[in-house]
Amino acid sequence: MFYREVGQFKTTYAADQAIFPIRQDRIGLAIILFAAFVLIPLLGGEFLIASVMIPFLVLALAAIGLNVLIGYTGLISLGTAAFMGVGAYACYKLSTIFPQVNVLVWIVASGFVSSAVGVVFGLPSLRIKGFYLAIATLAAQFFLQWCFVRIGWLYNHNPSGAIEVPGHTLFGIPVTGPQATPITRYYVVLVIVVVMTWFASNLVHGRIGRSWMAVRDMDIAAQLMGIKLLPAKLLAFAVSSFYAGVAGALMVFMWLGAAEPEAFNINQSFILLFMVIIGGLGSLIGSFLGAALIHVLPIIVRFLPDALGVPVGAATVEHLTFVITGALILFFLVVEPHGLAQLWRIAKQKLRVWPFPY
Amino acid sequence: MDILYRIFIDPFVQMGGAPDLLVQTLWEGLVGGVLYALIALGFVLIFKASGVFNFAQGIMMVFAALTLVGLTEKGVPAPLALLLTIGVMYLLAVAVERFVLRPLVNQPDIMLFMATFGLTYVLIGVGELIFGGNPKKMPTDALFLPSGAIDLKILGGLVSLQKLDIAAAVIASVMVAGLAIFFQRTRIGRALRAVADDHQAALSVGISLNQIWIIVWFTAGVVALATGIMWGARSDVSFALQVISLKALPVLILGGFTSVPGAIVGGLIIGVGEKLGEFYWGPLIGGGIESWLAYAIALAFLLFRPQGLFGEKIIERI
């Protein structure tokens, strides 16, 4: 009823291959983009923008990167946070060595650095599979984190061991550092995330994405059909690390403002993995939904007792957050193992046939 | 040339020059390896019988140790506390089977893996709610664990062996032997092996999967308890111990997910390799390499044997 493509004829191949062939999808997307670009900056407070929206977008970007690897290519990685770290440290180094260059150039460039590192750590994936590979990627996680701590050059021998973002301007407006307002940072993050999501969407719907999915479903069969495993898997690692690297650079430059090696520890990797699984494997919209759920949930749990007027100690809330997050992960896995994206698909089907049951 | 000398020759000169130090390092590596092997054993048990990669094994260890310590702090005598803790691990196994494994049966492996993550979070939260986040002391004396050290005069130097470490090695060996007998000689052990081989075939000859899973998770819980006591006696009991379980993962890939001997041999290789590497080669590149050296060792082995040292050969069919 509300979501029916009846009467929308496709008269060209281009129209048939469009990513959003249904008019309602296009309208929905336009509404979401309008809300993101206009309504949230207008109506949202500083807290919403700085502590909810920016982290959400950054994490969603990293989740898309991880989803390319796990959801589309079937290679489990537990080292995403380390690749985010590579992006962050690369961006920091590049922008302190060449401070006059536009910081956006360095954010993208740090993505390429991260993807080069990702390819190196992706090499074992040609030989080992499944959980063996998952644990092998932990090698990347621990090794890179060790580098962030031990190699002084990476953080300019800063005595605190942390990286602090210098101020940068874009068209005369400060975008990083303490002078940048949350709104400017939000817009920079939003534009990058939208562009990269659009790019990822094209990538996974095209020839490359299809070869990845073939590798995911069965790599030997894919090989027999003429897909070269070496380029396919390494490209997946490269793209995934690129996204993670850009997300890491954004995380430090646009969200936190400063970061220690601990920000890229293994827990961060696991949290990203949650987002991908809860959101839905092999679904871009799922990456956003998962990031929203996993990031917003602890915030809600933290504020809920105050809102209800129940006095609870801070430590208890911290522990309760753990319990509730864990329980919800279990709950979602049991109720809908294919993630929130599957719920969305079911909802779409219901809307299509409403008011009839099928 | 200098750097090559320092990498390839100098460490061996040091080893030859101070054999007592080498023996001490080897011993510490072996003891660490035994404890890694114990954690890996818990993983292997569960993976074999239910195909679940149980990430929660590390936190189960901490949880068991915390329960034990928490009970003794409340004034419960140590042997009774031990029994009660075993009871708690049994309840945990039942709960996991009922609320996690049963609804998720037949799901892809990664879902079950994620579910054990959720379990980890729940256990961390519950543990901290009940016992608090402060490190606790393991009551070693009440549990009849020896303390102190034996000093051996060999190779022109002094090698000191902690009695506790010896006890750990003995207990680990006894436990592994017990598990081997349990798996090979008892009715339940045979059922466990049948389930490990093929779930459906096991079902069709009348083995209850649910019961088997409870038994397996309970066994893994008891192994976790033993490991927790040992680690807890060496350092304090706190949630930081959970990190050690991450060290057991390279042991797993080295030995193979499905092999009990693999877990033990892998544990020893990783334990010794890690200590030797840290002691002799670590200073060359700034130290602290223990955090990833184990993974590098495991990865090196894995490139030659993708299924681990003792894993079943991976045969792929279309």
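Predicted model: local features only at pLDDT ≥ 70, side-chain atom pairs only at ≥ 80, totals over all residues.
Reader: Why are α12(B) and α13(B) called oblique?

Author: The axes of helix α12 (residues 260-281) and helix α13 (residues 290-304), both of chain B, cross at roughly 125°. The roughly perpendicular class runs from 65 to 115 degrees, and roughly antiparallel needs over 145. The angle falls between these classes, so the two helices are oblique. Their axes come within 9 Å. The crossing of α12(B) past α13(B) is right-handed.

Reader: Which residues of α12(B) and α13(B) meet?

Author: On α12(B), they are B:I269, B:I270, B:G273, B:E274, B:K275, B:G277 and B:E278. On α13(B), they are B:E290, B:L293, B:A294, B:I297, B:A298 and B:F301. The classes are 7 nonpolar, 2 polar and 4 charged residues.

Reader: Why does B:A300 count as partly exposed?

Author: B:A300 is found in helix α13 of chain B. Buried means under 20% relative accessible area, and exposed means over 50%. B:A300 has 38% relative accessibility, so it counts as partly exposed.

Reader: How far apart are B:A300 and B:I318 in sequence and in space?

Author: They are 18 residues apart in sequence. In space, the C-alpha to C-alpha distance is 28 Å.

Reader: How do you know that the length of α10(B) agrees with what it should span?

Author: Helix α10 (residues 209-234) of chain B has 26 residues. At 1.5 Å a residue, they should span 38 Å. The end C-alpha atoms are 37 Å apart, which agrees.

Reader: What makes α10(B) largely enclosed?

Author: Its buried count: 19 of the 26 residues are buried, so α10(B) is largely enclosed by the rest of the structure.

Reader: What is the reach of α6(B), and what follows the helix?

Author: Helix α6 (residues 109-131) of chain B reaches 32 Å from its first C-alpha to its last, close to the expected 33 Å. B:G132 follows, with a positive phi near 80°.

How values were computed: Residues numbered from 1 in each chain as written. Chains lettered and ligands numbered in written order. Heavy atoms only, no water. Axes fitted to C-alpha atoms, helices over the stretch in contact; angles between N-to-C directions. Helix = DSSP H or I, 4+ residues; strand = E, 2+ residues; numbered from the N terminus. Parallel < 35°, antiparallel > 145°, perpendicular 65-115°, else oblique. Left-handed = near helix turned anticlockwise from the far one by under 90°. Contact = heavy atoms within 4.5 Å. Nonpolar A, V, L, I, M, F, W, Y, C, P; charged D, E, K, R; others polar. Expected span 1.5 Å × (residues − 1). Buried < 20%, exposed > 50% of the residue type's maximum accessible area, 1.4 Å probe, protein only.
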